[in-house]
Amino acid sequence: TVELLGVPPGGEVSLDGRRIGNTLFGVAPGVRHALEVTDGNGRSWRQVFLAEGSLSLVVELRTHFVEVEVSPNDPGTEKN
């Protein structure tokens, strides 16, 4: 049995790529599983785990940023 703590209201929970509708569920023991929780604000949480009995996981949603460097002298950005 796996219990997720801290999932925000309206958060979507996916187990092994399939959406599930609750935060308390059973999994096959000894098998690697991937969990993902997302919300409508672009925040997410991911965890891969191997269950060997009951497990409680605390969900902490975070916003992921991508840094892109742009050069004003890039020939691909010149205007005609």
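Leaving aside its neighbours within four places in sequence, with which residues is Val-2 in contact? In this predicted model, the partners of Val-2 are Thr-23, Leu-24, Phe-25, Val-27, Leu-35, Phe-49, Leu-55 and Leu-57.

The chain has 80 residues, of which 24% count as buried. Its accessible surface comes to about 6,200 Å², and carbon and sulfur atoms account for 48% of that area. Among the contacts in the chain with a separation of 6 or more, 30% join residues 24 or more positions apart.

The next topic is the arrangement of strands. Strands of a sheet pair through backbone hydrogen bonds, either parallel or antiparallel. Here, an open sheet of 3 strands has the order E4-E1-E7, and its pairing is mixed. Strand E4 (24–25) and E7 stand at the edges with a single partner strand each, so one side of each has no neighbour in the sheet. The pairing of E1 with E7 is parallel and extends over 4 bridges. Within E7, Leu-55 is the residue that stands opposite Val-2.

Strand E7 (residues 55–58) also holds Leu-57. Is Leu-57 buried or exposed? Leu-57 counts as buried because its relative accessibility is 13%, which is under the 20% limit for that class. Leu-57 and Leu-5 are 52 residues apart along the chain, yet their C-alpha atoms are separated by 6.0 Å. Not counting residues up to four places away in sequence, Leu-57 touches Val-2, Glu-3, Leu-4, Leu-5, Leu-35, Trp-45, Gln-47 and Phe-49.

Several of these names return in the largest nonpolar core. This core has 14 residues, and those touching the most other members are Val-2, Leu-4, Leu-35, Trp-45 and Phe-49. Two or more residues of the core come from each of strand E1 (2–5), strand E2 (12–15), E5 and E6.

Charged side chains provide a further set of links, for the structure holds 4 salt bridges. One of them joins Arg-19 to Glu-12, with the closest N and O atoms 4.0 Å apart. Arg-19 is exposed, with a relative accessible area of 61%, whereas Glu-12, at 37%, counts as partly exposed. Another salt bridge joins Arg-46 to Glu-36, and the closest N and O atoms are 3.2 Å apart. Since Arg-46 lies in strand E6 and Glu-36 in strand E5, this pair ties together parts that are 10 residues apart in sequence. Arg-46 is exposed at 53% relative accessible area, and Glu-36 is partly exposed at 26%.

Where is Asp-39 found? Asp-39 belongs to the loop between strand E5 (32–38) and strand E6 (43–50). Asp-39 is buried, with a relative accessible area of 14%, while Arg-43 is partly exposed, with 30%. A polar atom of the Asp-39 side chain also lies 3.0 Å from the backbone nitrogen of Asn-41. Not counting residues up to four places away in sequence, Asp-39 touches Pro-8 and Leu-61.

Notes:
Residues numbered from 1 in each chain as written. Predicted model: local features only at pLDDT ≥ 70, side-chain atom pairs only at ≥ 80, totals over all residues. Heavy atoms only, no water. Polar contact = N/O pair within 3.5 Å; in protein donor to acceptor, adjacent residues only side chain to side chain. Contact = heavy atoms within 4.5 Å. Buried < 20%, exposed > 50% of the residue type's maximum accessible area, 1.4 Å probe, protein only. Core = buried A, V, L, I, M, F, W, Y, C linked by side-chain atoms within 4.5 Å. Pairing = 2+ DSSP bridges. Areas by Shrake-Rupley, 256 points an atom, 1.4 Å probe, with all protein chains shown as cover.
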